[in-house]
Amino acid sequence: MNKCQKLRQLITSPELEFICEAHNGISAKIVEEAGFKGIWASGLTLSASLGVRDSNEASWTQLVEILEFMSDATTIPILLDGDTGYGNFNNMRRLVQKLEQRDIAGVCIEDKLFPKTNSFINSEKQPLASIDEFCGKIKAAKDVQHDENFSVIARTEALIAGWGLRESLERAEAYRRAGADAILVHSKKNNPSDIEAFMKEWGDRHPVVIVPTKYYSTPTERFRELGVSLIIWANHLMRSSVKVMTETAQKIAQSESLTAVEDAIAPVSELFRLQGAKELQIAEKKYLPTRGKEYTAVILAASRGEELFEFTRDKPKAMIEINKSPVLSWTIDILNSIEIKNIYVVRGYKKETISGPNFKTIDNDNYTQTKDLYSLYLAKDCLQGNCIVIYGDCLYKKHLFTDLLEGEGDIKIVVDADVTRKSRPQDFVKCTKPYTNDFYSRNIYLDQVLQEDDSERASGEWSGLLAVESASLPVFKETLEQLAQKDGFEGLSVPDLLGALLGKSRVSVMYTRGGWIDIDDIADYGEAGRF
Ligand code: SPV
Ligand code: MG
């Protein structure tokens, strides 16, 4: 059943049904969770929630915006208190169209004049609409609705305005004939006598809706006996929240502390639950670039970068500033932007220059005698779950990280197919297939780690980016451990580990052309500034 059908059923069912007021998304949700089958979008409480009077001070389009939030937050139907329809028959038609577009199931209009004010303020002075004019409005609404079950409820204020029972019955009958789906009879008495008198004459001609705000002490059973179809509890969530909000604000202001209120109010987790925070977490796992997997990042930043002697006199290469930020910060910002927060930086040369709130550090105090694989070994206990290893002295574009993490395979590297750019020693590798422009080419693996002077046979250069998914972390760590036991380990680099992994595990290759810079000399430094 759609929402229009659900509301229509509440109105026409032989049972006495109930709907409850809400005035925004969260109160609407609370109404639904309490077990109500429908929501009254009250003019009084919608306007009160906006801090304005119930006198058409908020425009109808502003209300429709709120109704959309209420409707999105719930699955039960919403009946809008549409006041007088916010104008004549033409405004009413447009209102119905816009309400249907926002999945509002029905509207109740009252036979007063625009701008109206609340029925309980100066009620006898409020003029009523002419019966003919109001019937035209009802007909126009019914003619324009798309969903045959959209409901238009006609509310007569004849009793409230002091015109008596005859007038209210005459109006109700005219509105029924004009096509209204139910009649709302409003009363301001503190007893049910108005409603009893009306129901006695009216019988079961057409469904009747009531709002027992003023005659609240009447047992609900009485309305059942009278044959009322629908009761609206019209303003009670707003009134309860005003009371509690007032008390809370006063207590906090007076005590300059939260201790007096904390246990008496909903925990923050309850807000998250009502907002549906859990669904977003699940969706993030499905749709975010890291596919929701948690990664630990290890950034290798121990070396000085001798080649850049001038720039690295007082800081390591990873801390050289490019466009006012150290190389390391660029990398950490990218990691944070793809939800990688568990970050370790292995530092060595001028280690005191590397510190920050959003990463932890590991010290390689032996940095002059060792190379980067030794640094990685020092971080081995931090390698948990899914991991990514990064050269700390290179500048990368973000897409290299997302390509790497989204790529298939358990151990993955980014290989730059553009090997012609430089003459200096590079981490050349040979892959099972050469780079092609076919963006979708898959199943390319590392075949061989080459010697520095073997560029002829190279498919590309390893970029310093490596990811290991948790399934392959044991073999990765075991291989690292085996190398660490051998003589000469201090002189090894990460590509030596990649070579040692071949034969034990497949290493998948994600090709790139550029998108990163290893700042090795002044020319690189200049290029990095334009990166
Ligand atoms: C409302 O809730 O805004 C109503 C009902 O119209 S009453 O306030 O009783 O008029
Ligand atoms: Mg109202």
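The model you're looking at is predicted.

**The largest pocket**

- Rolling a probe the size of a water molecule over the atoms shows where empty space is left.
- The largest pocket takes up about 1,100 Å³.
- Its lining is made of 40 residues, and the ones nearest the centre are Lys371, Asp372, Tyr391, Asp427 and Ser493.
- Which element gives the most to the lining? That's β19, with four residues.
- Sorted by class, the lining has 14 nonpolar, twelve polar and 14 charged residues.

**Helices α4 and α5**

- Two packed helices are described by the angle between their axes and the distance between the axes.
- For α4 (residues 60-72) and α5 (residues 89-101), the angle is about 20 degrees and the axes are 10 Å apart.
- Angles under 35 degrees count as roughly parallel, so α4 is roughly parallel to α5.
- The crossing of α4 past α5 is right-handed.
- Who touches whom? On the α4 side you'll find Trp60, Val64 and Leu67, and they meet Arg94, Leu95, Lys98 and Leu99 of α5.
- Five nonpolar and two charged residues make up this contact between α4 and α5, with no polar ones.

Terms used: Residues numbered from 1 in each chain as written. Chains lettered and ligands numbered in written order. Predicted model: local features only at pLDDT ≥ 70, side-chain atom pairs only at ≥ 80, totals over all residues. Heavy atoms only, no water. Axes fitted to C-alpha atoms, helices over the stretch in contact; angles between N-to-C directions. Helix = DSSP H or I, 4+ residues; strand = E, 2+ residues; numbered from the N terminus. Parallel < 35°, antiparallel > 145°, perpendicular 65-115°, else oblique. Left-handed = near helix turned anticlockwise from the far one by under 90°. Contact = heavy atoms within 4.5 Å. Nonpolar A, V, L, I, M, F, W, Y, C, P; charged D, E, K, R; others polar. 1 Å grid on protein atoms, 1.4 Å probe; cavity = no way out; pocket = protein on both sides within 12 Å on 5 of 7 lines; lining within 4 Å. Points joined across faces, edges and corners; volume = space filled by probe spheres on them.
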